[in-house]
Amino acid sequence: MLQHRNRSGILVENHIIVSEWLLRDVQVDFYLPRHVSGPLSLVLINDGQSMKEMYFGSLLEDLYMQKAIQPLFCVAIHAGPERRMEYGIAAQPDYLGRGAKATEYSRFILRELLPFIDKTFSLDQFAEKAFAGFSLGGLSAMDIVWNHPGIFKKTGVFSGSFWWRSLDQDDPAYEDDQHRIMQQQIRQGPYHPGLKFFLQCGNKDETRDRNNNGIIDSIDDTLDILKELQLKGYDKEKDLYYLEMPEGAHDIPTWAQAMPEFLKWGWGRDFKSYW
């Protein structure tokens, strides 16, 4: 285990967790504020290997110095060599079999990572738990939160892979309403009171437009997630937040720009959640 402080006093610890579920070592970075008053909220983040390029420690430092957010315990989980197998939707792989290890990844989070946190860090009970991620890691975070509402209360999805589908879109039988897996899971699942969702997408996230409606697929897919959540009963102003970035691309600099808004939405002081 390695640890260091940045100039604001945020403690960063780097741990290796030997996972029996994933059959590999998982690198995890823990970001703890030095000065804490009251219980922390826990924020898990997929694709934690991107945090260094995002300058995540400095980003947190700036928000704390501005007194813009409440203290958070952020946990950045590095992806492994089988990222496309471990991330996805646990209930169903996509049409190419990707996401086949998403169940094992969920079990790692619930049965290994969370107990490791409880055992390793002397913290009071968390105020709440959240899970965030980027691209396919965002889909994974959304899936885990949706299926474990008794543990997690918020999710943040940046350029989420909501196109994840059970049938190739080039197949003549393909239909959006039938074959996109996360949209189907929300539609067929129950309403979970108390869940809140932050979804980000950029107008330059991609160029594909499969239905030729003038809107890129990633935005269409994200808006359809929001539509399904509203139909399920989630309030547009209280439970949902959509950030569409005109110059946003599918890359770390874009997500770094969006990250403060996610953190202020979830744990800010007097943040107005509307879109």
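Begin by selecting helix α2, where Phe56, Gly57, Leu59, Leu60, Glu61, Leu63 and Tyr64 are buried, buried meaning under 20% relative accessible area with a 1.4 Å probe and only protein chains counted. Helices here are DSSP runs of H or I with at least four residues, strands are runs of E with at least two, and both are numbered from the N terminus. This is a predicted model, in which local features need pLDDT of at least 70 and side-chain atom pairs count only at pLDDT 80 or more, while totals for chains, interfaces and linings use all residues. Residues are numbered from 1 along each chain as its sequence is written, and side-chain values use heavy atoms, with hydrogens and water left out.

Because 7 of the 10 residues of α2 (residues 56-65) are buried, this helix is largely enclosed by the rest of the structure. Just after α2, select Lys67, which takes a positive phi of about 55 degrees.

Next, go to strand β3 (residues 24-32) and pick Val26, which counts as buried at 0% relative accessibility. Setting aside neighbours within four places in sequence, Val26 is in contact (heavy atoms within 4.5 Å) with His15, Ile16, Ile17, Ser19, Ile77, His78 and Phe108. If you draw a distance from Val26 to Phe134, the C-alpha atoms are 18 Å apart in space, and the two residues are 108 apart in sequence.

Now turn to Leu44, which is, with Ile77, Leu113 and Ile117, among the residues with the most contacts inside the largest nonpolar core, a set of 51 residues. Such a core consists of buried Ala, Val, Leu, Ile, Met, Phe, Trp, Tyr and Cys residues joined through side-chain atoms within 4.5 Å. Apart from this core lies another, of 34 residues, among them Ile69, Ala130, Trp255 and Trp265.

Finally, zoom out to the whole protein, whose secondary structure comes to 9 helices and 9 strands. Its radius of gyration, taken over C-alpha atoms, is 18 Å, close to the 19 Å that the globule rule gives for 275 residues, so the protein is as compact as a globular protein of that length; the rule is 2.2 Å times the number of residues to the power 0.38. Along the principal axes, the C-alpha atoms fill a box of roughly 55 × 40 × 35 Å.

Technical notes:
Buried means under 20% relative accessible area, exposed over 50%, partly exposed in between (1.4 Å probe, protein chains only).
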